[in-house]
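Hi everyone, thanks for coming along this morning. Let me bring the model up on the screen, and then we can walk through it together.

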Amino acid sequence: MADDSLPAVDFIDRRGLILDSERKSVTNINPKGFFIRHPPAPQELNEDLTPESKLFQTIHMGAAVVDTGRWKLIVDGLVERPFSTNLDQLRKMPSETVTSFHECYGSPINPPTKNVWRIGNVKWTGVPLHYLLSIARPDLERGLFVWSDGLDSGEFAGVSAERYQKDLPIKKALSCEVLVAYEMNGQPLTKERGGPVRLVVPGWIGTNSTKWLCRLSVQATRSKGPFTTIFYNELDPTDSEGVRKRPVWSVEPNSMIVRPRPDDVIVGLGYIEGWGRAWGADEIVRVEVSLDGDSWDEAIVSPRKQFEWQLFSFQVEVHRTGRHHIRARATDKSGAQQPLTGRRNHVPTVQIWVQSNVP
């Protein structure tokens, strides 16, 4: 990027940098402590774009109350040109809008064996992270990670932290979809959504999308904070010895059945139509549906344009009355497939009842 094309930012003299000056925009943490708002059941998530009222909320240590007039974002670390930007400057930079699924991992203190379907599909608007990094000129030989700091602080699961801090491998940080976002679904980010500015990492679990963002720092190693060392690491299912751990980063194939609803009563034998959603870090290329554990038949899957969840539709043929179970299984373009049981992304099952149409 040529110097004459630089946006209006405030370049930093490292010698005069006041430590944690960006954190002075916080006026309060309110409410304090952990908070979760669960999403509605899958059968109620029937809009293509999930409205605020139906999108889950997860706040680890409390919501930061931010003075937007004092807010600034610092970009530093292993970079040639560290700088800071305020909200007005950020909004004048080139922006992008990305539609992406947004998924919560679930509890980081429990084994990941339950599919919680904390999922939504939203439209984010903001400045691409790679654009901000291009201004700073990172050292790509030494700078292997980008740390992201939030303005929240407090305690989570008995562990105190002066800040919420995550990290991204530099390759993901430089990908075109990662945003420093200030809008969700066309509206400014609220406090509960991490406003005024948050990181958004499409294709990755929501814990990586740091809320109340205030600093991006290029570093040689992973962050040593509790949200990368104590929380959000899991046993790697590909490790035959069951010892190796991996960070909770990219989303594995997942799906949910929206129709029919659980315990729907359907009158008459024959074909039953249904539909659902599938998503993952990679595009879902196949969804299969099974009735009562019999053979798997392919559903029709809509292609993915950005990182949005994908619609699939299906038919199953019912030959007897009574109780039945429908299951769906997604496979992504790399060949990764939903497990049947025992994982946070195991296949969904919906129970239905079929009655005879003969009086």
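Predicted model: local features only at pLDDT ≥ 70, side-chain atom pairs only at ≥ 80, totals over all residues.

Residues are numbered from 1 along each chain as its sequence is written, and side-chain values use heavy atoms, with hydrogens and water left out.

Let's begin with the annotated domains. UniProt, in an unreviewed entry, places "Moybdenum cofactor oxidoreductase dimerisation" at residues 248–344. That stretch is 0% helix and 54% strand, with its end C-alpha atoms 12 Å apart. The UniProt record, again unreviewed, also gives "Oxidoreductase molybdopterin-binding" for residues 62–226. Here we have 11% helix and 41% strand, and the end C-alpha atoms lie 16 Å apart. Keep in mind that such annotations may be inferred rather than shown by experiment; their positions are in the numbering used here, and the feature names are shortened.

Now, one residue I'd like you to look at: threonine 50, in the loop between strand 3 (35–37) and strand 4 (57–59). Is threonine 50 buried or exposed? It counts as buried because its relative accessibility is 2%; the cut-offs are under 20% for buried, over 50% for exposed and partly exposed in between, with a 1.4 Å probe and protein chains only. Leaving aside residues up to four places away in sequence, threonine 50 has contacts that include Leu45, Asn121, Asn185 and Trp309, where contact means heavy atoms within 4.5 Å.

A cavity is a set of points on a 1 Å grid over the protein atoms alone where a 1.4 Å probe fits but cannot get out, and lining residues have an atom within 4 Å of a point. How many cavities of 30 Å³ or more does a search of the whole structure find? There are 2. Of its 21 lining residues, Thr58, His60, Arg198, Gly206 and Lys211 are the closest to the centre. Strand 4 gives the largest share of that lining, 3 residues.

The second largest cavity has about 60 Å³. Among the residues lining this one are Trp124, Arg198, Trp204 and Gly206, and strand 8 (96–103) brings the largest share, 3 residues.

Key. Helix = DSSP H or I, 4+ residues; strand = E, 2+ residues; numbered from the N terminus. 1 Å grid on protein atoms, 1.4 Å probe; cavity = no way out; pocket = protein on both sides within 12 Å on 5 of 7 lines; lining within 4 Å. Points joined across faces, edges and corners; volume = space filled by probe spheres on them.
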